[in-house]
Amino acid sequence: MTQQAEVVVVGAGLAGLTAARELRSAGVDVLVCEAEDEVGGRIRTDVVDGFRLDRGFQVLLPGYPAVRSTVRVADLRLRHFTQGVIAGGDRGRRYLAPPWRHPAALRDLAEFAWRRPRDVTALAWLSARDTVAPARVLRAGPERSTADELARSGVSDRTVDEVLRPFLAGVFLDPALRTSSRVFHLIWRAFLRGGGALPAAGMGTLPHLIARDLPTDGIRYSTPVTEVDDEGVRLEGGERIPARVVIVATGGDTAARLLPTVSAPAWHSVTTFYYRLAGRPPLEQPTLLVDSGELVLNTAVISAAAPGYAPPGSALVAASVPERADADPATETRVRTRLARLYDTTTADWELIRAYPIRRALPVMTERHPLRSTVRLGPGRYVCGDHRDTSSQQGALTSGKRTARAVLHELADRSWS
């Protein structure tokens, strides 16, 4: 018997799951077709020898409105990073984090403020504005790159290069800071309002929490869709699934292949290396360590923030190299050498657990990129994902919600026709 559904959602990432759940809660018959063997899309967590490894170093921002409106934040069991960073480099480390986190923090913050008062003032003004301004005001700002925006705000090149560039490169995967300043302000606002955190059981918790509201037979795994036509979808094995509505909620490249009117996005890439350490970690604070060098722009002792990411008696360190998808041994040797300098310790006994080279990690969003693209392509045909909103968890969740609302509106109109 041929399976059919009122709505078929192609892809079980954040956008697709959110759209499916919203439609299901409204009484719509929904089937999700997922090419992989698990939900999550680009947000998944592997368990290797008791270590939880997110597929690429990711941080959840509880300050995102869509996170709070999609799941119970308490169910994520968040473990928070320090609000602030440790600026590393060839001249040692500076603790630009709350003073109670480390004895050196008060001294380093005072010295930073004394030597760079204009930067402190500029960042304070920028942060105050982003914290209180409505999101619609930030979205309507001038079209500039993040680099230009920071310069216009009065932040010195030195502070950008030593602190902000490596921090933001970890967020945008864009060391050149060509990302839209409007995106920067929206994400900076989320950091200011809630900091960064990790779910206790890994980033994969977020999509699983959304998926648990769908029936077990509402998601078909290992089911790649090869074609979307006027009648529904065709699967890789030739099976057809008729549907009144099809939502393509895949990555941008697959969406462009299935829907000819959709353009594939450009992508930022990243490689994340995960290391196993026995005994005491080189840094016990749950604080991001940023580097002004050209290779490892940020690293963190993940288990210092979320102890459940490592078995008892071990520590987990992540190091990310933005704009590269290169996990060959020569690159790993360079990363390990740089980590020894940053953490001021030997890394010879650090064991590489796994490296994740991710070529399509995050859609590029330069200053000319629209922050919101249409999700309705025509009667019964929709597309959603972070390539249709901001390249973020917020964008993916929002896109899924927008699409569900549009589908419900269309189905309601059809019921009267």
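A residue counts as exposed when its relative accessible area is over 50%, as buried when that area is under 20%, and as partly exposed in between. Keep these words in mind as we walk through the structure above, which is a predicted model.

The side chains of Arg44 and Asp37 meet in a salt bridge, with 3.0 Å from N to O. Asp37 has a relative accessible area of 55%, so Asp37 is exposed. Arg44 has a relative accessible area of 5%, so Arg44 is buried. Across the model, the count of salt bridges comes to 33.

Now let us turn to the sheet. Seven strands make up an open sheet, and reading across it gives the order β7-β6-β14-β15-β16-β13-β17, with mixed pairing. At the edges are β7 (94-96) and β17 (351-363), each of which pairs on one side only. From one strand to the next, the twist averages 20°.

Which helix lies across β6, β7, β13, β14, β15, β16 and β17? It is helix α8 (residues 157-172), which runs at about 115° to β14. Arg158 and Glu162 both lie in α8, 4 residues apart, or about one turn of the helix. Their side chains meet in a salt bridge at 3.3 Å, N to O. Arg158 is partly exposed, because its relative accessibility is 45%, while Glu162 counts as buried at 11%. Asp161 and Arg165 also lie in helix α8, with a spacing of 4 residues, about one turn of the helix. Here the side chains meet at 3.0 Å, N to O. Asp161, with a relative accessible area of 36%, is partly exposed, and Arg165, at 24%, is partly exposed too. Salt bridges with shared partners also join Arg94, Arg116, Arg158 and Glu162 into one network.

A pair of aromatic rings is described by the distance of the centres and the angle of the planes. The model has 7 aromatic pairs by this count. One of them is formed by Phe167 and Trp188, with 6.3 Å centre to centre and 80° between the planes. Planes over 60 degrees apart count as edge-to-face, so this pair is edge-to-face. Phe167 sits in helix α8 and Trp188 in helix α9, 21 residues apart, and the pair links distant parts of the chain. Are these two residues buried or exposed? Phe167 counts as buried at 15% relative accessibility, and Trp188 is buried at 14%. Ring pairs also gather Phe167, Phe184, Trp188 and Phe191 into a cluster.

In the loop between α8 and α9 you will find Leu173. Its phi is positive, about 60°, although Leu173 is not a glycine. Leu173 counts as buried, because its relative accessibility is 10%. Setting aside residues up to four places away in sequence, Leu173 touches Leu168, His268, Ser269, Val270, Pro322, Glu323, Ala361 and Leu362. Asp49 also has a positive phi, about 50°, without being a glycine. Asp49 is found in the loop between β3 (45-48) and β4 (51-54). At 57% relative accessibility, Asp49 counts as exposed.

The largest nonpolar core has 93 residues, and Val7, Leu168, Ile247, Ile302 and Leu316 touch the most other members. Helix α9 (residues 181-194) gives the most to this core, contributing 7 residues. Which residues does Ile247 touch, not counting those up to four places away in sequence? They are Val7, Val8, Val9, Val10, Ala19, Leu23, Tyr382, Cys384, Thr403 and Val407. Apart from this core lies another, of 21 residues, including Ile86, Leu283, Leu289 and Val301.

Terms used: Residues are numbered from 1 along each chain as its sequence is written. This is a predicted model: local features need pLDDT of at least 70, side-chain atom pairs count only at pLDDT 80 or more; totals for chains, interfaces and linings use all residues. Side-chain values use heavy atoms; hydrogens and water are left out. A nonpolar core is a set of buried Ala, Val, Leu, Ile, Met, Phe, Trp, Tyr and Cys residues joined through side-chain atoms within 4.5 Å. Buried means under 20% relative accessible area, exposed over 50%, partly exposed in between (1.4 Å probe, protein chains only). Helices (H or I, at least four residues) and strands (E, at least two) are DSSP runs, numbered from the N terminus. Contact means heavy atoms within 4.5 Å. Two strands pair if DSSP finds at least two bridges between them. Axes are lines fitted to C-alpha atoms, for helices over the stretch in contact, and angles run from 0 to 180 degrees between N-to-C directions. Rings of Phe, Tyr and Trp (its six-membered ring) pair if their centres lie within 6.5 Å; planes under 30 degrees apart count as stacked, over 60 as edge-to-face and the rest as tilted. A salt bridge is a side-chain nitrogen of Lys or Arg within 4 Å of a carboxyl oxygen of Asp or Glu.
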